[in-house]
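Subject: Structure handover

Hi,

Here is the structure I said I would pass on. Have a look at it first, and then read on for what turned up.

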Amino acid sequence: MQAAIETQGLTRRFGRHLAVDGLSMMVPAKAVYGFLGPNGAGKTTTLKMLLGLLTPSAGFARVCGLDVGRDRIGAARKVGSLLQAHGFYANLTGRENLDLTRRLLGLPAAEIDRVLEIVELADTARRRVADYSLGMRQRLGLARAMLGAPPVLVLDEPTNGLDPDGIANMRRFLKALPDRTGATVLLSSHLLGEIEQTATHIGIVHEGRLVMEGELARLKSDLAPEIGLRVDDPDRAGPVLRRHDLTLTQDASGLVARLRPGDDHDAATAALNRDLVEAGVQVFAIGARSPSLEGLYRNATASAPARQRESV
């Protein structure tokens, strides 16, 4: 499979603090790759090394086959980035802001119309950026990243601060980008629900290390099935589930019991329901749950070996 982005042993230290630890990732061409991890996991530091804004302490990164360390300018021409929705001149219009970047890149004026159409800002491009909502500024940032039709887009938390409508609109744009423009999208986020609805591939980073990577649909299909439960007394239900040797977690919707690979889902659900009722636990709901990105994330981060802390 052709790689749009590839890293091998990518490492970055700040003094004695190890921010990114031997990270090796592969982003397929024309994928929407969700780069996941909590705040402080090393996501933004990794993106800055991909963009040539930080020099790795060890390892290397390639973009479209170009080594970022050896050919920083050539690699930069292959990438459009959105690290934040700021950096616009508020008293200029959206079109005028894009025109400044367009001139710096030596692109034709028609390029502005092309990207404005993609992000659906053509009708508001002559308004001052000061009058734009945050969602409009995010889309304008995305338009600026797409000037010149770079084959790779690197976006850091593009839904940050958006309201539900803005998040839904951004999700729709991102999902459609590979088909509409042929671009590969590397999307950094800590919002699992948004990535699950947007990404074709994922990489999960934990304490600076990549702990899981692959095609999202395949990874979810390999995940052990789950049973979701809502009961009147989770504390009393816990021992019953543990007697069945089930891994037990809890989320906003209730208890989650993870089966072992190969278990008969229907038989396990029936037996569990019977034993809970016999134990005097009221079962309000019980049934199969589809494998989820949240389950993948829990598995990947829980099984990752803890890194010994280093003093800063």
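This is a predicted model, and its largest nonpolar core takes in 45 residues, with Leu142 and Ile202 making the most contacts inside it. The top contributor to that core is helix H5 (residues 134-146), which puts in 6 residues. Another core lies apart from it and has 24 residues, including Leu10, Leu47, Leu50 and Leu54.

Beyond four places in sequence, Ile202 touches Tyr33, Gly34, Leu36 and Ile195, then Met212, Glu213, Gly214, Leu216 and Leu219, and finally Leu293 and Leu296.

Some overall numbers, for orientation. The protein chain has 11 helices and 15 strands, and of its 312 residues 48% are buried. Its C-alpha atoms fill a box of roughly 75 × 45 × 40 Å along the principal axes. The exposed surface comes to about 15,300 Å², with 48% of it supplied by carbon and sulfur atoms. Among contacts with a separation of 6 or more, 70% join residues 24 or more positions apart.

Back to H5. How many of its 13 residues are buried? The count is 10, so the helix is mostly covered, given that buried means under 20% relative accessible area. The buried set includes Gly135, Met136, Gln138 and Arg139, as well as Leu142. Their cover includes strands S7 (79-82) and S8 (152-156), plus helices H3 (94-105), H4 (110-118) and H6 (164-181). The geometry checks out too: at 1.5 Å a residue the 13 residues of H5 should span 18 Å, and the end C-alpha atoms sit 19 Å apart, which agrees. Just after the helix, Gly148 has a positive phi of about 85°.

H4, one of the elements covering H5, holds Val115. Its relative accessible area is 0%, so Val115 counts as buried. Setting aside neighbours within four places, Val115 is in contact with Leu98, Ala143, Met146 and Leu147; Ala143 and Met146 are themselves on the list of buried H5 residues. For a sense of scale, Val115 and Ile5 are 110 residues apart in sequence and 23 Å apart in space, C-alpha to C-alpha.

You will find Thr45 in helix H1 (residues 43-50). Why does Thr45 count as buried? Its relative accessibility is 15%, and the cut-off is under 20%, so it qualifies. Leaving out neighbours within four places in sequence, Thr45 contacts Arg12, Phe14, Ala19, Val20 and Leu54. As for ring-ring pairs, a search of the whole structure turns up 0 aromatic pairs.

Last stop is helix H10 (residues 265-278). H10 has 14 residues and reaches 20 Å from first C-alpha to last, close to the 20 Å expected at 1.5 Å a residue. Buried along H10 are His265, Ala268, Thr269, Ala271, Leu272, Asp275 and Leu276. What do the buried residues of H10 pack against? They pack against strand S12 (226-231), helix H9 (234-243) and strand S15 (283-289).

Cheers

Notes: Residues numbered from 1 in each chain as written. Predicted model: local features only at pLDDT ≥ 70, side-chain atom pairs only at ≥ 80, totals over all residues. Heavy atoms only, no water. Core = buried A, V, L, I, M, F, W, Y, C linked by side-chain atoms within 4.5 Å. Buried < 20%, exposed > 50% of the residue type's maximum accessible area, 1.4 Å probe, protein only. Helix = DSSP H or I, 4+ residues; strand = E, 2+ residues; numbered from the N terminus. Contact = heavy atoms within 4.5 Å. Phe/Tyr/Trp six-rings, centres within 6.5 Å; stacked < 30°, edge-to-face > 60°. Expected span 1.5 Å × (residues − 1). Areas by Shrake-Rupley, 256 points an atom, 1.4 Å probe, with all protein chains shown as cover.
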